[in-house]
Amino acid sequence: TLVVPWLVERSDRDMLYGGNVFENMEEQEVFIRRWLADDAGMPVEAEEMKILFYPARYHKYYNSIFALGDICDLIPNNTADVCILEEPEHLNWYRAPGSSSWTSKFCHCVGVIHTNYKAYARDHAPAGFLAAPLLAGVNSLVVQANCHKVVKLSGVLQEFVPGGEVVENVHGIREVFLKEGLRRAATKKALKEKSANRRGVYFIGKLLWAKGFDLLLELETYYRHKTGEHFDIDIYGSGPDEEEIKRAFNGGLSEEGNGGILYSFMGSSRQQQPLPVNFMGRLDHSKLAGDFYSVFVNPSLTEVLCTTTAEAIAMGKWVVIPSHPSNAFFEQFPNCLMYRSRRGFVSQLKTALENDPPPLSDELAQLLSWDAATMRVVTAAAISERDAARSHRLNRAKEGKTLKMKKVISGFFNTASSKEESSAVSNHVASFGSINATATKPLPVQ
């Protein structure tokens with residue numbers, strides 16, 4: 001069963017999804033099943049998988065979705081066996097008072113952590129030096145209370161459960177990216193003949209300053225300092241900081257917001273020359289298959305393990321990324337060029353612009369697939385009977401402390417801004433059980 005949020009307010013759906021707004025849960029379910037069958041190449045799963053929606057609200061300030069009520073109450077007890085929580089800390093920041101822990105609901109609960117919220121808070125939240133350790137403590141508490149085993153996608157993340165967590169890449173990529181890599185490998189001779197042509201450089205991802213756009217500005221400036229010119233790059237994506245980022249790359253300084261602050265860190269106090277950057281809008285990464293783009297640049301240091309980096313590697317493109325714990329998994333691939341300094345970036349980018357990327361071997365390409373990722377998650381999620389018994393004892397001992405903390409945590413991340421909104425939330429939760437009954441039945445893929 002796939003458990004996903006349903007944004008109960010139309011205004012939330014408009015804000016988050018833009019033009020792709022679902023009128024009801026049935027439409028969203030049809031979209032999910034069609035995507036699985038057509039884009040992900042999983043027609044059997046698209047037909048057989050159960051989908052369960054939980055009511056949620058989008059909070060603009062946190063740029064996050066929070067559940068309304070207790071998700072566990074929507075899951076029948078006779079199906080509560082093994083649960084995989086994507087971002088268990090995020091799912092449990094805001095919990096309904098009196099709700100039970102996931103570990104008491106399920107026999108085995110695995111938390112997969114793939115976002116570095118501590119780094120986001122430290123570098124981009126107001127008073128980040130105070131917010132980061134506070135958030136880290138909250139994360140540790142809610143993860144320990146709701147997970148039997150924790151899987152971190154890379155070692156850059158904080159410690160959550162001492163002795164009860166492993167570092168493993170349990171994410172894969174769609175087959176369409178692997179097929180593109182095979183195509184490029186098969187036509188490598190033809191690509192060599194075209195080596196004099198332009199090798200496009202691009203980035204794709206959410207337009208947030210936290211994704212490393214301040215670093216990209218610095219790299220552009222340093223590249224010009226060393227070579228006499230900036231490098232051209234096309235940027236795909238959209239996000240909350242889009243206008244600020246565009247203004248910074250176009251030579252303008254922001255009077256407020258992260259854009260102005262980050263740009264001032266670079267020692268800039270005057271109008272800058274516009275950079276050779278094109279903002280191309282949002283696009284599925286698979287649409288960038290082909291020979292026009294050969295170089296993917298991603299300078300982010302806040303990622304845990306970047307999916308778009310894995311997709312670019314699979315497509316047989318050069319990937320230029322910093323040497324960082326979040327990128328450790330990618331070191332084994334021959335088309336991955338890592339740098340440790342700005343000087344190193346210039347050298348690696350010049351290498352990518354002057355040479356064709358080497359093709360991946362079948363063995364390395366297989367490591368990026370979902371089949372390989374599934375095997376890794378099964379291994380990483382396993383727990384011995386002795387550890388299970390120990391975890392059960394510890395969870396019972398911590399249960400009392402956790403209950404005392406719930407009101408504090410719920411209040412810290414409370415998305416309700418008024419008594420009226422809190423009342424509206426209660427009404428949504430009260431009526432959602434009957435609404436959701438129509439959504440749990442699989443719909444045919446049309």
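Guide: Let us begin with a word: on a 1 Å grid over the protein atoms alone, a cavity is a set of points where a 1.4 Å probe fits but cannot get out, and its lining residues have an atom within 4 Å of a point. Please keep in mind that this is a predicted model, in which local features need pLDDT of at least 70 and side-chain atom pairs count only at pLDDT 80 or more, while totals for chains, interfaces and linings use all residues. Residues are numbered from 1 along each chain as its sequence is written, and side-chain values use heavy atoms, with hydrogens and water left out.

Visitor: OK, which residues line the largest cavity?

Guide: Its lining is made up of Asn169, His171, Gly172, Ile173, Leu305, Cys306, Thr307, Ala310 and Leu368. The volume of this largest cavity is about 60 Å³, where a volume is the space filled by probe spheres set on the points, and grid points are joined across faces, edges and corners.

Visitor: How many of the lining residues there are nonpolar, polar or charged?

Guide: The lining of the largest cavity has 5 nonpolar residues, 4 polar and no charged, if we count Ala, Val, Leu, Ile, Met, Phe, Trp, Tyr, Cys and Pro as nonpolar, Asp, Glu, Lys and Arg as charged, and the others, Gly among them, as polar.

Visitor: And what about the second largest cavity, what's its volume?

Guide: The second largest cavity has about 40 Å³, and its lining divides into 3 nonpolar, 4 polar and 2 charged residues. Among the residues that line this cavity are Glu89, Lys118 and Asn139.

Visitor: New topic: which residues of α10 are buried?

Guide: Buried means under 20% relative accessible area, with exposed over 50% and partly exposed in between (1.4 Å probe, protein chains only). In α10 the buried residues are Phe213, Asp214, Leu216, Leu217, Leu219, Glu220, Tyr222 and Tyr223. Helices (H or I, at least four residues) and strands (E, at least two) are DSSP runs, numbered from the N terminus, and after α10 comes Gly228, with a positive phi near 95°.

Visitor: What about α7, how far apart are its end C-alpha atoms?

Guide: They are 26 Å apart, which agrees with the 27 Å that the 19 residues of α7 (residues 128-146) should span at 1.5 Å a residue, because the expected span is 1.5 Å times one less than the number of residues. Asn139 is one of the buried residues of α7, and Asn139 also lines the second largest cavity.

Visitor: Stepping back, how many helices and strands are there?

Guide: The protein chain has 18 helices and 13 strands, and 49% of its 446 residues count as buried.

Technical notes. On a 1 Å grid over the protein atoms alone, a cavity is a set of points where a 1.4 Å probe fits but cannot get out, and a pocket is an open set with protein on both sides within 12 Å along at least five of seven lines; lining residues have an atom within 4 Å of a point.
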